[in-house]
Amino acid sequence: MAETQTPARPAPPAARSERPTAPARRRRPPRATAGTARLAALLVSPTLLVLGVVVLYPTIVALQQSLYGTRRLDPKTGFVEDSEPFVGLQNFAAIFDEAGSRFWNAFWNTTFLTVTTVLLETLIGVAMALIMHRAFRGRALVRASILIPWAIPTAVTGLLWRWIFHSDGIANALIGHQVLWTTEGFHAKVAVIVADVWKTAPFVGLLVLAGLQVIPDEVYEAARIDGAGVLRRFRHITLPLVKPALLVAVLFRTLDALRMFDLPYILIGAQKTSVETLSMLAQDQAANVRFGPASAYAVLLFVYVFLIALAFVRLLGADIVGDDGKSARRRRRLPRRPQGVAA
Amino acid sequence: MKTRTTRAVRSACAGLLGLTAVTACGTSGGAPPAAKAGTFEGRGPITYVAGKDTTGTVQAVLDRWNKAHPDEKVTFVQLPTDPDAQRQQMIQNAEIKSDAFTVLSLDAVWTTEFAAHRWVDRLPADRFPLGRMLDPIVGTATYRGGLYAVPATSDGGMLYYRTDLLRRAGIAEPPTTWAEMKADCAKVKKLPEAHGMSCYAGQFQKYEGLTVNVAEAVNSAGGTVTDARGRPHLDTPQAKAGLDFLVDAVRDGTVPKEAITYQEEDARQAFQAGKLIFERQWPYMYPLAAKKDGSSKVAGKFGVAPLPGLHGPGASSLGGHNLALTASAKNKATALDFIEFFTNEENQRFSLKYAPAAPTYASLYQDPALVKTYPYLPTLKRSILHAVPRPRVFRYGDLTAAVQRAAYAALTGEKSSVQALKDLQRALRHPMAE
């Protein structure tokens with residue numbers, strides 16, 4: 001997106017610098033022999049094995065479990081059946097019938113909370129990063145203090161904000177009006193958003209700060225000589241150059257926010273329709289010994305998260321793999337050829 | 001070619017990020033038919049599994065057992081304080097048929113669920129002195145006529161009231177009906193020292209405590225939430241009268257507005273800060289409110305009475321813990337002896353000395369030494385004798401969620417009490433149907 005808006009200017013380094021250096025860079029290392037390939041396979045196999053055990057296996061089991069229903073009570077004996085009945089895709093189809101309203105409520109809650117929190121966190125996080133990036137006295141202290149919310153466990157954050165949003169809490173004292181934040185209603189969503197933004201904006205700030213620090217000063221210097229103002233420098237230099245870092249930060253936050261569980265659970269409460277997210281719904285089903293529907297909801301959440309991650313990677317070009325490490329290398333070389341940017 | 005592989009790698013990577021979403025779900029297998037009742041064999045070391053013990057009395061009791069039974073030692077497995085987390089770990093242990101947990105300390109409302117799933121064994125009733133325990137308490141440990149657990153502690157709601165204010169307003173006796181309570185409040189509120197006080201509060205946040213309070217209100221009006229077979233009866237005038245007491249109280253300001261955010265601790269703090277004339281609370285508050293170190297403004301100024309009802313004394317819900325035996329456990333002969341030991345009168349007397357609770361034995365409520373420490377005991381006994389256990393259905397989690405949803409909608413004015421009860425009746429018929 002940003003690339004099309006800035007065709008002439010600070011050319012995304014990745015696209016620009018590729019051509020001249022290509023012949024030299026492109027030369028591949030000598031072809032791997034069968035022996036080294038085997039060694040390579042051997043060396044990565046422990047990683048693959050661990051991934052298989054901790055990632056692949058639970059996923060497959062969850063998928064399989066989602067095809068089973070709920071055990072019923074045998075009215076004659078008074079005991080619950082021994083095994084769960086196979087119901088095929090019924091658990092998934094259930095979201096379209098009457099009982100599905102709870103799923104859709106959770107789905108929209110999840111989406112709403114994700115969009116609002118990530119948006120606010122990005123804005124505030126970028127602002128934080130710009131402040132932290134500035135050279136001023138006490139910078140180390142500011143950096144450390146901005147990061148404190150991120151370092152606090154979410155459960156503790158939830159308790160902390162529950163006191164703040166208590167009926168006699170400081171939030172009500174500040175606004176001078178009693179809002180019962182932890183009851184059902186839109187205000188409960190607001191409470192969750194405020195607490196989540198407070199907690200995770202520093203994360204965005206930290207990642208963006210890392211992105212800011214690799215932008216060389218010469219680029220700004222050249223732009224200043226060319227007469228670019230503060231806003232212009234921000235739009236045409238800072239934003240495009242920090243975009244890779246920013247996108248990764250936003251992607252991670254989005255995926256995290258979609259799985260939001262502990263904050264609404266602790267801050268507002270387990271049974272609150274206003275803030276019930278998909279994770280909470282899946283947990284509630286599992287807690288009531290309905291592993292089939294629980295797995296189905298978890299799988300649906302997985303698909304949702306997966307699609308969003310895919311969209312980020314495909315549409316926005318989020319560079320979560322580090323692009324084979326090439327662009328990173330190029331970026332580091334940039335300082336030596338500032339004319340390519342200032343042109 | 002190159003772009004395609006990168007894309008594939010990227011997509012795979014995105015997939016990995018997404019995968020972390022699917023971790024909350026465990027697996028479950030079918031349980032084999034429960035062991036035939038009466039086969040409690042094997043002696044040796046066992047475990048006792050309960051929530052975190054904040055009083056320190058459990059280990060002392062276990063130490064005494066271990067001293068007397070060096071070959072059948074009991075290890076204390078402490079689970080988190082949060083009851084949901086305890087239940088989840090116990091269910092997981094039962095579902096994988098592990099023998100890690102032997103004797104479980106079950107919340108009274110879980111007993112039905114654990115029995116129906118055959119996660120715990122049916123116990124021989126003649127081994128335990130159930131006849132000396134209060135009947136409603138024993139009721140929480142049975143399922144379909146069989147004993148599945150042995151009550152170790154109980155808990156009942158009581159009406160805490162301000163003796164000083166009532167006396168000054170010329171009221172001799174605490175109220176026994178809701179109407180009396182409201183009339184008493186009107187009198188007390190005319191006193192200058194009652195300025196700004198609210199009449200009554202219970203636990204009305206949308207959580208388990210709300211189910212307790214609503215069930216008490218319905219039972220106190222002569223209604224039933226669910227009958228012995230788990231069928232709901234919420235479309236009755238009695239149920240409506242019960243729920244209406246709470247709904248009207250919220251609407252007309254009998255209870256403070258913020259009471260719909262109250263859990264036990266919030267209500268306790270409000271009472272101890274002198275904001276309430278009456279409060280529905282468990283016995284645990286008694287010693288805390290009586291503390292003379294300045295933390296309680298009502299020390300020496302309050303008393304307890306059985307809960308009021310529509311036409312006379314109301315019916316409390318029951319809390320407490322029952323000891324059950326995991327079906328997949330080993331050394332069940334030892335476990336049975338240990339359950340007998342742990343729940344005996346002597347140990348209850350010992351634990352009671354260090355932490356306020358409701359004993360399960362009738363005699364302990366009259367014990368002069370205990371009554372001196374806990375003056376609430378005779379009142380609590382009356383409360384428990386009138387108590388109705390919370391609904392005993394095998395899907396208690398769904399039931400309590402439905403009750404909370406309906407009652408909270410009625411309390412916050414989102415639905416009329418008639419509509420809320422109608423919806424609740426329909427919601428309960430479905431998941432509880434056998």
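**Domain arrangement, core and local features of the predicted model**

The C-alpha centres of domain 1 and domain 2 of chain B are 28 Å apart. The model is predicted. Its scores are ipTM 0.82 and pTM 0.83. Each domain of chain B is assigned from two segments: domain 1 spans 46-155 + 319-385, and domain 2 spans 158-317 + 392-432.

Contact between the domains involves 17 residues of domain 1 of chain B and 15 residues of domain 2 of chain B. On the domain 1 side, α4 (111-116) and α15 (377-385) of chain B each supply at least two of the touching residues. The largest share, five residues, comes from α15(B). By class, this side of domain 1 of chain B has ten nonpolar, four polar and three charged residues.

The largest nonpolar core has 188 residues. The residues with the most contacts inside this core are Val208(A), Val103(B), Val120(B), Tyr148(B), Leu243(B) and Ala407(B). Domain 1 and domain 2 of chain B both give residues to the core, so it lies between them. In soluble globular proteins, nonpolar side chains tend to be buried together. Val208(A) touches Gly125(A), Val126(A) and Ala129(A), and also Val242(A), Ala245(A), Leu246(A) and Ala249(A), when residues up to four places away in sequence are left out.

Chain A has 17 helices and zero strands. Of its 343 residues, 33% count as buried. Among contacts in chain A with a separation of 6 or more, 73% join residues 24 or more positions apart.

Helix α13 of chain B covers residues 345-354. Gln348(B), Ser351(B) and Leu352(B) are buried in this helix. Seen down the axis of α13(B), the buried residues fall within an arc of 105 degrees, so they line one face of the helix. They pack against α2 (57-68) and α14 (368-373) of chain B. The face of α13(B) turned away from the buried side carries the exposed residues Glu346(B) and Tyr354(B).

Two non-glycine residues of chain B with positive phi were examined. For Lys97(B), phi is about 50 degrees. Lys97(B) is placed in the loop between α3 (83-95) and β3 (103-107) of chain B. It has 14 other C-beta atoms within 10 Å and is therefore partly exposed. For Asn331(B), phi is near 55 degrees. This residue lies in the loop between β11 (318-325) and α12 (332-342) of chain B. Asn331(B) has 20 C-beta neighbours inside 10 Å, so it counts as buried. The cut-off for a buried residue is 20 or more such neighbours.

Leu130(B) belongs to another loop, between α4 and α5 (135-139) of chain B. With 18 C-beta neighbours inside 10 Å, Leu130(B) counts as partly exposed. Leu130(B) touches Ala125(B) and Val138(B), with residues up to four places away in sequence not counted.

Chain B has a mean pLDDT of 89, and 90% of its residues reach 70 or more. Among the elements of chain B, strand β9 (residues 276-281) has the highest mean pLDDT, 97. Helix α1 (residues 2-19) of chain B has the lowest, 45. The pLDDT is below 50 over residues 1-36 of chain B. Beyond near neighbours in sequence, this stretch of chain B has 69 contacts in the model.

Chain A averages a pLDDT of 84, and 83% of its residues score at least 70. Over residues 1-24 of chain A the pLDDT is below 50. That stretch has 26 contacts in the model beyond near neighbours in sequence. Over residues 324-343 of chain A, pLDDT again stays under 50. The model has 24 contacts beyond four places in sequence for residues 324-343 of chain A.

Key
Residues are numbered from 1 along each chain as its sequence is written. Chains are lettered from A and ligands numbered from 1 in the order in which they are written. This is a predicted model: local features need pLDDT of at least 70, side-chain atom pairs count only at pLDDT 80 or more; totals for chains, interfaces and linings use all residues. A residue is buried if 20 or more other C-beta atoms lie within 10 Å of its own, exposed if 12 or fewer, and partly exposed in between; C-beta atoms are placed from the backbone. Helices (H or I, at least four residues) and strands (E, at least two) are DSSP runs, numbered from the N terminus. The arc is that of the directions from the helix axis to the C-beta atoms. Two residues are in contact if their C-beta atoms, placed from the backbone, lie within 7 Å. Domain bounds come from an automatic or database domain assignment. Ala, Val, Leu, Ile, Met, Phe, Trp, Tyr, Cys and Pro count as nonpolar, Asp, Glu, Lys and Arg as charged, and the others, Gly among them, as polar. pLDDT is the predictor's confidence in each residue, from 0 to 100. A nonpolar core is a set of buried Ala, Val, Leu, Ile, Met, Phe, Trp, Tyr and Cys residues joined through C-beta atoms within 7 Å.
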